[in-house]
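Visitor: I would like to learn how to read a model like this one. Please take me through it feature by feature.

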Amino acid sequence: MGPVRVLELYSGIGGMHQALRESCISAEVVAAVDVNTVANEVYKHNFPSTPLWAKTIEGITLAELNRLSFDMILMSPPCQPFTRIGLQGDVSDPRTNSFLYILDILPRLQRLPKYILLENVKGFETSSARDKLVETLKKCGFKYQEFLLSPTYILENFPDQEPKASVKHRVAAGLEKESSFTSPEEEHIEPNSGSDAGSGQRSQKEAFVFKLETAKEMERKRNQDSDLSIQMLKDFLEEDGEEMSQYFLPPKALLRYAFLLDIVTPSCRRSTCFTKGYGHYVEGTGSVLQTAEDVQLESVFKSIEMLSEEEKLMKLSTLKLRYFTPREIENLYGFPPEFGFPDKITMKQRYRLLGNSLNVHVVAKLISLLTG
Ligand code: SAH
């Protein structure tokens, strides 16, 4: 038996490909498909020998797919139709069309793939797109399993849960990417709307302690930060240097968004998700880093409302808040040091592409589980 022949759909910057590598199974990506030209540049840069089809998935014919003769599909369909903040258009959202096309074509393939892995956001599991997927999988005789995962959870607790893949080794998995808060059309900000585990809806009655945070939220964050089994953020940070100055929050952003920011320090063990608009303050929702570690957050925010803008700014500046750099987000997502972006890809584009991507370690585990 030769290497597993993999079809990577919605390949983006190649998070799935990277995870496949990490899973150490003998495999070859026989085709990667994506329409986004910027994402494709990054994909080519990192996986130069993989055939990359810069076209729409709906544009691929049944004959072309049959010719590829693949054993595995890895795919991350667009998540906007399913995000909590998006309009939740589900199957009526035109961005779901290509996925419906795949479901339509799957039963008609000359030879069914042995494995399918699908990744999406929380919200997908209750969608009709998911129901249609399950229906199709059943029709084709697949055994499937679904997971709602958070990166910290899976890395700590996942390995023992071997599904018994006795039924033809066919398993499909759905998985939550910890990133589901911005849709490109919206500039919507929720106070501390991190999608990190457990942050449910806030009850109206709960009082803010400071900085629009309730005692319950603060408690949850404190608990996560004291879980010694989880690595600290400092392990993922870049060296301080001159180039870092570009990542500090501009005064305008500080004044406008200070109360909405999820602020973490290098010794924290949690962060909120980094979404597409991250690093671009108008949409910013991911955590920002407090580099002045000894400054007490509470002392900065207590009674800050009374102050003039200038005084406010003075106080907020003492925190030395900066965005995580794209490389740091890559580190957090488990992309190896050799992964990179071509120089011409702008900062905004990098954040945007990373916001669409996934946690490599999590998906690598899932691939091992699927094929193990
Ligand atoms: N897993 C990828 C990201 C997936 S995001 C990564 O690691 O980067 C979804 C991707 O699907 C986007 O890159 C988008 O350009 C692509 N896409 C959306 N609709 C598509 C279609 N109809 N045909 C091909 N690609 C599409």
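Guide: The accessible surface of the protein chain comes to about 17500 Å², and carbon and sulfur atoms hold 52% of that. Accessible areas come from the Shrake-Rupley method with a 1.4 Å probe, and for residues only the protein chains shown count as cover. This is a predicted model, in which local features need pLDDT of at least 70 and side-chain atom pairs count only at pLDDT 80 or more, while totals for chains, interfaces and linings use all residues. Residues are numbered from 1 along each chain as its sequence is written, and side-chain values use heavy atoms, with hydrogens and water left out.

Visitor: What does the protein chain average in pLDDT?

Guide: pLDDT is the predictor's confidence in each residue, from 0 to 100. The protein chain averages 83, and 81% of the residues score at least 70. Over residues 153-203 pLDDT stays under 50, although the model has 164 contacts there beyond four places in sequence; contact means heavy atoms within 4.5 Å. Where pLDDT is low, the predicted coordinates should not be read in detail.

Visitor: How many helices and strands are there in the protein chain?

Guide: Helices (H or I, at least four residues) and strands (E, at least two) are DSSP runs, numbered from the N terminus. The protein chain has 13 helices and 13 strands.

Visitor: Which residues of H11 are buried?

Guide: Buried means under 20% relative accessible area, exposed over 50%, and partly exposed in between, with a 1.4 Å probe and protein chains only. In helix H11 (residues 326-333), seven of the eight residues are buried: Pro326, Arg327, Glu328, Ile329, Glu330, Leu332 and Tyr333. Their cover includes strand S13 (321-323), helix H12 (347-356) and helix H13 (360-371). After H11 comes glycine 334, with a positive phi near 85°.

Visitor: Why does glutamine 18 count as buried?

Guide: Glutamine 18 counts as buried because its relative accessibility is 7%. This residue lies in helix H1 (residues 15-23). Leaving out residues up to four places away in sequence, glutamine 18 touches Phe47, Phe335, Pro336, Phe339 and Val360.

Visitor: Is valine 29 buried or exposed?

Guide: Valine 29 is buried, because its relative accessibility is 6%. It is found in strand S2 (residues 27-33). Beyond four places in sequence, the residues that valine 29 touches include Val6, His17, Leu20 and Tyr43.

Visitor: What is the phi of cysteine 24?

Guide: Most residues other than glycine have a negative phi, and most peptide bonds are trans. Cysteine 24 is not a glycine, yet has a positive phi of about 65°. It sits in the loop between H1 and S2 and counts as exposed, because its relative accessibility is 67%. Serine 69 also has a positive phi, of about 45°, and its place is the loop between helix H3 (62-68) and strand S4 (72-75).

Visitor: Which residues come nearest to the ligand?

Guide: A residue is near a molecule if one of its heavy atoms lies within 4 Å of it. Of the 19 residues around the ligand, Ile13, Gly15, Asp34, Glu58 and Ser357 come nearest.
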